[in-house]
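Please look at the sequence and structure first.

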Amino acid sequence: MSGSVRLEDGALGELVITADGAFRATRADRERTGRIDAALIRRVLAGAGQAPAPAPDGTPATGRRLTVQGQPGQADRQWTDGTAAPVPASAAVLAALLGQALGEPGAPAALATALARTEPAAGTARSAAAVGTVAGRAAYALVEEDGAFGLTALDDAAPLGGSDADAGLAPTAVALGEAGGRSLFAVGSTDGSVQVWDAATGQVAHGTTGGEGAQAVAALVCRDIPVAFSAGQSGDLRAVRADDGRVLGTLPTGGRGATALRAAHCAGVDLLAAASPDGTVRVWDAGTGEQMHLLVGHRGEVAALAVLTLDNQAVLASAGQDRRIRLWDLATGQSVAELDGHTGTVTGLAFTTLDDRPVLASCALDGTVRTWDVYDGRPLHGWPAGEWLTGLAAVEGLLYTGDESGRITVWEAATGRPATAAVPAGRPGSPLAALAAGTLHGRPVLAAGFGDGSVAVWDAPTGGQLLDLPGEGGPVHTLDLTADLLLCGTAAGAVRSHRLTDGSALPLPVPHAGPVAGIAFTPGEQPLLASAGRDGALSVRDAATGADSRRFATGRGPFTALAATVAGGQPILATAGEDLTVRLWHAGSGAAGPVCAGLPRPAEVVTFAEIGGRPVVIAGAGDGTVLVWDVQDGSRTAELTGGGAAVRAVVGKEFDGEALLAAGDAAGTLRLWHLSSATLLNEAALEGTPLAIELDEAGLRIVTPGGAVTL
């Protein structure tokens, strides 16, 4: 691609794509960046035609306008709806990209990640604080914007532990709690990670790494343990037990993440191959974590990997944006063949066998499928199979391809002719993002993941559907199958694990696909740690160990705050969201409770209290308003008007039958109300924004970025 392409849409925003494939999508409230494949622009320009069009006039577009500039040998062109040269129909993919890039991370995608990938949203780190106890002492935790954190006693300001800015945090929320006989504090971050420390020793107790964007996954039974490997657009590879979510460790990539993963077992060695965005491929012994090879040769991002095992020999195939397929001998790390023929990014690779000879099949965004003899590296067949092919799998001499329309097609690998075998239904209207083949009870199965986040599994010989799993955690990016395990990575950063037999979800320590909006411990004998994210998901796990991780995709849009309590012996969560509500949930099951309405602006803070023997939930809104609701039925019991600045900290307590409520706002003002009469008792200016408040018989203690003060 040369020059630039710009789409201005009065309803959606503006999209600019530059010559290197980078894009920027903007509207008044949001900006996102990413990369597209050249095939997307080729379709737009091919459909635009060569007819003369008005030159760019520089006036803002009120409807839709498409501008193409800097094309070699052509004048700059512009199409505007409502004129003699309206925006061509081929620009619909640009509108789809614009809406997809500016939408929420977990929303369905109209384009597969092979065509367009949005970079992870950069959340804004901010100071956060929480009040609780550390080793039996009243204390507060304070996390600063630069990532430094500290634990401090409330009574005498004695330091109880902490770090400097090298802690590497980009904090958004913090909580203190007690679990397993230990004092714990937890921090949620802009990248969706949640980290938990032992407050007394400073040792990491458990946690998750960040989602870091589009996820590549691979599954492998390694030393009789089912292992899920995953990687994002940055950071190292992560390995967890796929059956219980226990973290096994990481494999270093120099912080580059991975664009594709593939695992295999050969000659007693469990292999893991990972392709980095720079085109290099690393190969590890997954059992020991030792890096075996660094494979260099591709020019551009590698999008597909496949492994063929022949007795004690393993061959790796890799391909991607440079359109060249490379074969590597994994015993030596040497390149053994280079296969040329595709004219678009290669998106799928799969090995099969024909006449007792190994054959490699490939598909690409040029709409063709090709087969290659592995032994001598010569091409065998090539045929058109659609337009944008986004997935490929091989099953017993048949090749299955998927495309951007959600259609699945079956081909004879030997001839390239459409097969007479049963064809899986696919998902018309949602782009197919990944295909994977495996076995279940000795029969071949085929799995597909789609842009709406759904995953389906079919019996390959009959085409009968075995599983239909709804979307959760965002559009599917990659899939892998091994033994009785289906592993799914999503473009929003979540990793899902399911049993092939019944589709039941297995717990994984999944990060949020976006910044953590709130984090809280439930009190009681079996405390839980809950986190709520901008991805609209709730994550709940055992507070002491991080085990039994559960993720509830609520479908209620981005969360802005979280609180936890125990009411009636049950762990209860309260979430505030951009839908101007506070919602109550059962922390164990994710079951929805009462919906508390009436917020004029989204709440930045929410907390629980007990007033008159009944639990209430309190929320501070972005305009300074404080609302109080009854937990049991969601009825509003009080509304207090502030000074217009967002409430950043709030607490309610009852003393001798009189309920008091204190709230601090972003302007540094603290207000104290008599709750039952809604009377403002006191108002004081603070030096710094209040981040947490403790209210007891001794008075008010307010934590600001500068420390704690007592009123």
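Q: How many aromatic pairs does the count come to?
A: This is a predicted model, in which local features need pLDDT of at least 70 and side-chain atom pairs count only at pLDDT 80 or more, while totals for chains, interfaces and linings use all residues. Residues are numbered from 1 along each chain as its sequence is written, and side-chain values use heavy atoms, with hydrogens and water left out. Rings of Phe, Tyr and Trp (its six-membered ring) pair if their centres lie within 6.5 Å, and planes under 30 degrees apart count as stacked, over 60 as edge-to-face and the rest as tilted. By this rule the count comes to four.

Q: Is the pair of Phe149 and Phe185 stacked, edge-to-face or tilted?
A: Phe149 belongs to strand E10 (residues 149-153) and Phe185 to strand E13 (residues 182-189), 36 residues apart, where strands are DSSP runs of E of at least two residues, numbered from the N terminus. Both Phe149 and Phe185 are buried, meaning under 20% relative accessible area. With 5.1 Å centre to centre and 55° between the planes, the pair is tilted.

Q: Which residues do ring pairs link into a cluster?
A: Phe185 also pairs with Trp197, at 5.2 Å centre to centre and 15° between the planes, and this pair is stacked. Because Phe185 lies in strand E13 and Trp197 in strand E14 (residues 194-198), the pair ties together parts that are twelve residues apart in sequence. Trp197, like Phe185, is buried. The cluster linked by ring pairs consists of Phe149, Phe185 and Trp197.

Q: Which strands give two or more residues to the lining of the largest cavity?
A: A cavity is a set of points on a 1 Å grid over the protein atoms alone where a 1.4 Å probe fits but cannot get out, and lining residues have an atom within 4 Å of a point. A search of the whole structure finds one cavity of 30 Å³ or more, and about 50 Å³ of space lies in the largest cavity. Its lining includes Gly624, Asp665 and Trp673. The elements asked for are strand E56 (658-665) and strand E57 (669-674).

Conventions
On a 1 Å grid over the protein atoms alone, a cavity is a set of points where a 1.4 Å probe fits but cannot get out, and a pocket is an open set with protein on both sides within 12 Å along at least five of seven lines; lining residues have an atom within 4 Å of a point. Grid points are joined across faces, edges and corners, and a volume is the space filled by probe spheres set on the points. Helices (H or I, at least four residues) and strands (E, at least two) are DSSP runs, numbered from the N terminus. Buried means under 20% relative accessible area, exposed over 50%, partly exposed in between (1.4 Å probe, protein chains only).
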